[in-house]
Amino acid sequence: MSVRVRFAPSPTGALHIGGVRTALFNYLFAKKNNGKFILRLEDTDRNRFVRGAEEYIVNALNWAGLTPDESPSAPGGFGPYRQSERKALYKKEIEKLILSGKAYYAFDTPEELAIARSESEQKGEVFKYSAHNRAEFRNAISLSKEELENEINKGKGVVRLKVAVGETIVVKDEIRGMIQINSDEIDDKILMKADGMPTYHFANIVDDHHMKISHVIRGEEWLPSLPLHKIIYEAFNWEVPVFMHLPLILKPEGKGKLSKRDGDKAGFPVFPLEWENKPGFRERGFLPEAMINYLSLLGWNPGSEQEIFSLDELVNAFEINKIQKSGARFDFEKAKWVNHKYLENLETKSILKRFPEFFEALPSTWSEKKRTLILGAVKERLNLLEEFENNFRLFFEDPKTYDNKVLEKIKKKDPEKIIDFVIELCEKEIDALEWKSLISKWNEEHQYSFGLIMQSLRLAIVGNLSGPDLFLICSLLGKDVTLKRLIKFKPNL
RNA sequence: GGCCCGUUCGUCUAUCGGUUAGGACGUUAGGUUUUCAUCCUAGAAAGAGGGGUUCGACUCCCCUACGGGCUACCA
């Protein structure tokens, strides 16, 4: 049997990183098994449809490197790949279930159901539309032939699954093993809505069957509906695919699963790309491969101590029996560390080339050599590309203030001589190495503390004690700017 | 409330009955005879609780607690 898996988001908004992780695991499983990775849009809810969401999903997957083998824009013979375009199929299939008595029409309005629901609630019970009370509602089971025809002609009915009484349903999740449940726990779920659209449960199964999906890999939130899904497969007499339910991604702290509000609150992205003016992983300066790498480690491990993986390496290492059972908290610090590792291993030149949007602050007159030099100096201290701008600022903005603590400290040690000496050095352009050797030599003659010299100069030129190698800064600034800053600083002594 | 799933350092995790319970992020302390958010070294840090099974349990079983999910004409 050939492996075919699908990622089936609904276009109701941006793709959340939990979704990206689900897509990733599907992708890894497909590639590992020489199978196909399919994208299907589950757009059966017209009320929640969001313009641009599908495009976003496609862009996000492409950016992450998880390009589907089959999708709306790359059909593969099992299309269409949007559920809204498969209505005829669902209609045909639901007829079968009605004919075989596995499903039935029902005509209760949402209002009537809401009343029934609140009545149960008042009695302290959970409302369930099922064998025990089917007859109390208006449906093909309770209505007379004439009434039924009359209702069907109005065209406002839904179709519900007819769930059997007292049967033990046994399902298997590859990650968790066998799960048993009594069919009495399951209610007569709506399969076809009044607007003629299928519900998730129905469309999902019809499509997975017709698209020859061999393995269903989805989030744990679907585990409770697995027995229901099995009943539908069996109603059709269709082969049941293999199921795996992935552990959820949880909030960094507190209760519950990760939501977009957590990101806003704590200042980390939850979307791969920008959405509604909120920067995503891409805009914050993550490399897509780093984001993927981090996400792969949430709920899965390679069984070794390796933590940095290319996509291809992940495909190779991926094993479903290494998937975790319990939810994983999102840890932005670790995500940044992974990104840092990638940055460290990437050539400076290729960073400049791949992510030009982060280097727009660099003067256009700067040569490639100069750009490479500056990024090279700063790169190792970056976690995210967005931090570059801050690190770079000191090159084009003269210090406005000087760190007072440091100023007081160096004042005690008479730093004027070294400042004057360096002012002399600003006669001609010299490179970082020369800066270093000249200042070292001066120090040998004058027996200052090298640390004090460096702190004094750094304070004068940068305004505080942070930043990359000072000699490099001086050489990149050039003699004129360096001189200007030194002279501006001197009166503070 | 009902049903289902889960539970090893603060976090992500290794361990598939016998280990000084390992690694990583974060954290702490040193070091890199200039800063530092990098890098290096070292340290602190964990089997939810209670019962079994067993010569032996983090590992298997049960109960409790806690956490998570589901409970829509949403997916």
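In which strand does Lys-36 lie? The model is a predicted one, in which local features need pLDDT of at least 70 and side-chain atom pairs count only at pLDDT 80 or more, whereas totals for chains, interfaces and linings use all residues. Residues are numbered from 1 along each chain as its sequence is written, and chains are lettered from A and ligands numbered from 1 in the order in which they are written.

Lys-36 lies in strand E2, residues 36-39 (strands are DSSP runs of at least two residues, E, and helices runs of at least four, H or I, numbered from the N terminus). Lys-36 counts as buried because 21 other C-beta atoms lie within 10 Å, the criterion being 20 or more such atoms, placed from the backbone. Beyond residues up to four places away in sequence, Lys-36 touches Arg-4, Ala-30, Asp-69 and Glu-70 (contact requires C-beta atoms, placed from the backbone, within 7 Å). Pro-68, 32 residues from Lys-36 in sequence, is 7.9 Å away in space, C-alpha to C-alpha.

The largest nonpolar core comprises 90 residues, and among those that touch the most other members are Val-20, Tyr-56 and Met-291; such a core is a set of buried Ala, Val, Leu, Ile, Met, Phe, Trp, Tyr and Cys residues joined through C-beta atoms within 7 Å. Helix H1 (residues 17-32) gives the most to this core, contributing 9 residues. With neighbours within four places in sequence set aside, Val-20 is in contact with Leu-15, Ala-60, Ala-64, Pro-272 and Leu-295. A second, separate core of 22 residues includes Tyr-90, Ile-205, Val-206 and Leu-228.

Technical notes
A residue is buried if 20 or more other C-beta atoms lie within 10 Å of its own, exposed if 12 or fewer, and partly exposed in between; C-beta atoms are placed from the backbone. Two residues are in contact if their C-beta atoms, placed from the backbone, lie within 7 Å.
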